[in-house]
Amino acid sequence: MSNRSNEETDEPLIANDRNYYKVEKWTKDGSKVERMLYAGSNLDKAREIFAAAIYHRPRIRLTIRQRSRVLEEWPKAAP
């Protein structure tokens with residue numbers, strides 16, 4: 001029996017295939033992903049990593065995504 005609530009990967013393509021949540025650090029200009037900080041099936045863990053990264057580096061550019069759907073982003077987009 002597999003516990004899917006705690007699965008993680010380091011591979012972006014596997015994360016997309018399995019519909020995982022990804023915390024991604026973007027370049028300063030926001031044009032591309034610089035690094036994937038987390039990819040896994042646990043949204044709570046993704047949010048913890050997202051919040052911790054913002055706390056330690058307030059000027060960082062981050063998203064939490066599930067495939068192409070953006071769930072959260074930092075800094076917040078202007079309305």
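Modeller: Contact here means heavy atoms within 4.5 Å. Helices (H or I, at least four residues) and strands (E, at least two) are DSSP runs, numbered from the N terminus. This is a predicted model, so local features need pLDDT of at least 70, side-chain atom pairs count only at pLDDT 80 or more, and totals for chains, interfaces and linings use all residues. Residues are numbered from 1 along each chain as its sequence is written, and side-chain values use heavy atoms, with hydrogens and water left out.

Now to helix 2, residues 43–56. Its 14 residues should span 20 Å at 1.5 Å a residue, and the end C-alpha atoms, 20 Å apart, agree. The expected span is 1.5 Å times one less than the number of residues. At the N-terminal end, Asn42 is the cap: a side-chain oxygen sits 3.0 Å from the backbone nitrogen of Asp44.

Ala46, Phe50, Ala53 and Ile54 are the buried residues of helix 2 (under 20% relative accessible area; exposed is over 50%, partly exposed in between, with a 1.4 Å probe and protein chains only). They lie on the same side of helix 2, because they cover an arc of only 100 degrees around the axis. The arc is taken from the directions from the helix axis to the C-beta atoms. On the other side, Asp44, Glu48, Tyr55 and His56 are exposed.

The buried residues pack against strand 1 (21–26), strand 2 (33–40), strand 3 (62–66) and strand 4 (69–74). Take Phe50. Leaving aside neighbours within four places in sequence, Phe50 touches Val23, Leu62, Thr63, Ile64, Glu72, Glu73 and Trp74.

Note on methods: A polar contact is a pair of N or O atoms within 3.5 Å; within protein, one must be able to donate a hydrogen and the other to accept it, and residues adjacent in sequence count only if both atoms are side-chain atoms.
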